There are 2 protein chains.
Amino acid sequence: METVAIIMAGGSGERFWPLSRQQRPKQLLRLTASGRTLVEETVERLSGVVSGEHIYVLTSAPLQALIRRTLPQVPPAHIIAEPVRRNTAACLVLAAAIVVERFGEPSRLLMAAFPSDHLVEPLEEFQRTLRAALQWAEQGEDIVTIGIPPVRPETGYGYLELGEELGEAEGVTVYRVRRFREKPSREVAEEFVNTGRFLWNSGMFFWRLDLFLRALEQHMPAFWSHWDLLRRLVRPWLEQPVEGAYPGLDAVFSAMPDVSIDYALAERAERIATVRASFRWDDLGAWDALERVFPPDSQGNVVSGEVVLLESQGCIALDARTHPRSIVTLLGLRDCVVVLTDDAILCCAKTHVQQVRGLVAYLREHGYEAVL
Amino acid sequence: METVAIIMAGGSGERFWPLSRQQRPKQLLRLTASGRTLVEETVERLSGVVSGEHIYVLTSAPLQALIRRTLPQVPPAHIIAEPVRRNTAACLVLAAAIVVERFGEPSRLLMAAFPSDHLVEPLEEFQRTLRAALQWAEQGEDIVTIGIPPVRPETGYGYLELGEELGEAEGVTVYRVRRFREKPSREVAEEFVNTGRFLWNSGMFFWRLDLFLRALEQHMPAFWSHWDLLRRLVRPWLEQPVEGAYPGLDAVFSAMPDVSIDYALAERAERIATVRASFRWDDLGAWDALERVFPPDSQGNVVSGEVVLLESQGCIALDARTHPRSIVTLLGLRDCVVVLTDDAILCCAKTHVQQVRGLVAYLREHGYEAVL
């Protein structure tokens, strides 16, 4: 059995503007204590489980060169550009076509899919959970996910409702997933956390490729209809680095629906299993996530760079300018986010961090494309 | 009767940091719709009442050259540097010594003292009130002030409690001042406004110099003891511009108490009159004053410079950088002040605008003298 890891690195991560940019989205930011980019961390935490030769990174054409430089341990031919921005379903169908073409017999291939821009720690617990997920997936009967025991009634995450215990793998409990529950209301989220029968959906998926192909045919006809063409298109380019997307891929990729793998497959398949994670996980969805990464000081502030705070509480202040020309001061502020880059400054109420994406859209429509 | 105007321009105005600086305090800022500095406006609104030859401006040595350039209509020899920072009492005693030495017989001299950093408009109403104050002061029996009908229960101002009506001058009502009331609590301020028997103390004073000298002898012994020495020190320098303070003035000026003219004289003298102003006045005490100068937009925001506001209300946003290198965005902010200069950025809750002075003190003590 060969394991191939697919890292999904096509996201735009606009909610970390002005630090995240079109040319430097969230997966290329250094948002954790390690000082490494999130995509680097994602690759490095596979070390010892999946070799670089068995890792593929799917991203967008504008990011391809930078990600190749960022990930020298992954062969350049494995850093692949999607021709247009699509959701995770199209990304993973393309990945599956590449893996089958490159490695052969689907029943001897395990595919493991990872988001590239989440916080995961510590390494040992992640790898223990990962090995359990891979071991369970090897049986070829379940699509396997990793579920995170929720530590707060988060309304921004999807939840997995647990069914019966299926057994153990590597000492980790595996459950049937009764169903996927999308982002709940506050009240529902509190109920989810209290019952103990719900886990956060980490967005990682594991499957044997023969099972995936059967599921593709059964549940994803709008993708399955492109399967043979996809395989023919990727075949000539497997061994050599391609600049930009594979030639000819644009039309077929654009024709696939713009939906998530959760929606297209996981919510429809009969047999989904989940492995209960023993690691800490955070999707780093917006600026306020930094409070969960970096411990706030005695006033509840998280500060990076030379910022003077006086009588301010619950603030996140980040000066990321390369050559700060001005001192930054916060006075009497409560629950605000202040972020400075060389060409943009954001002052945002913490209540509005989810609306940063809306601000980016506003800027795009009002002639500020240069700072996006 | 000759009228001599004294403009008190020694203030530091730290509450407008980072726009106000040690080298460019509030009186040198352009905070009103005219686009002129406050000290320029103060001089210009005397036009037609007091000639430039009869105007003296007292400031500090570091500001002297800049104020001379700012006020070409005032003879350079009349822009005088106080040797050390003192309050308004020492400033006006020094001014009186200069005026008596220069113009002679005190009973034929009217002295009119003006703060240099307040908002006053419109011109016609100011001059009408001014002429009334001068006419009443000419009698030589009262120290005359200008009282502003309060339009809100301001706790940051001093109030004048009115006694009986003394009469009229130029059609304006003149009252006896029963007493001075320092900055009141909110409840007391509301009572003051409701009774209609209180006016704001504008900080402008008018007196005949013979009356002032008798008051000096009677109420201000710690100043009167320096009077003869002061006159001798200023005598040689009356006609020529002096760079920095008059030679020898340092010791005697430092020896005078650091108190306001309100405290040293006005609160002690028996006969204080006040003229009820018909003009609009504001002391522009802190950043939130800008809302009273510039009409807020439909969201209650006052914006200057290229600032993008989204879902923000009640904010004051001012980009005063000479070469803005970054776009400034406010998202979801309520009642905040954001001010940018080339070397400093302030993000301040509107509730804390009075504490900007404390922030400046904090910066001075923590090695940020360069941005003060």
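Two strands are taken to pair if DSSP finds at least two bridges between them. Strands (E, at least two residues) and helices (H or I, at least four) are DSSP runs, numbered from the N terminus. By these criteria, strand S17 (residues 344-349) of chain A is joined to S15(B) by 5 bridges. The two strands run parallel. Within this pairing, A:Leu346 stands opposite B:Thr329 of S15(B).

The model is predicted: local features need pLDDT of at least 70 and side-chain atom pairs count only at pLDDT 80 or more, while totals for chains, interfaces and linings use all residues. Residues are numbered from 1 along each chain as its sequence is written, and chains are lettered from A and ligands numbered from 1 in the order in which they are written.

Contact (C-beta atoms, placed from the backbone, within 7 Å) links 31 residues of chain B with 31 residues of chain A. On the chain B side, S13 (307-310), S15 (327-331), S17 (344-349) and helix H12 (356-365) each supply at least two residues. S17(B) gives the most, with 6 residues. By residue class, this side of chain B holds 20 nonpolar, 6 polar and 5 charged residues. Here Ala, Val, Leu, Ile, Met, Phe, Trp, Tyr, Cys and Pro count as nonpolar, Asp, Glu, Lys and Arg as charged, and the others, Gly among them, as polar.

Chain B superposes on chain A by a rotation of 180° with 0.0 Å of shift along the axis (RMSD 0.0 Å). The same surface serves both copies, as 100% of the contact residues of chain B recur in chain A. Of the residues of chain B, B:Cys347 comes closest to the rotation axis, with its C-alpha at 4.1 Å.

Notes:
Contact = placed C-beta atoms within 7 Å. Least-squares fit on C-alpha atoms with pLDDT ≥ 70 in both.
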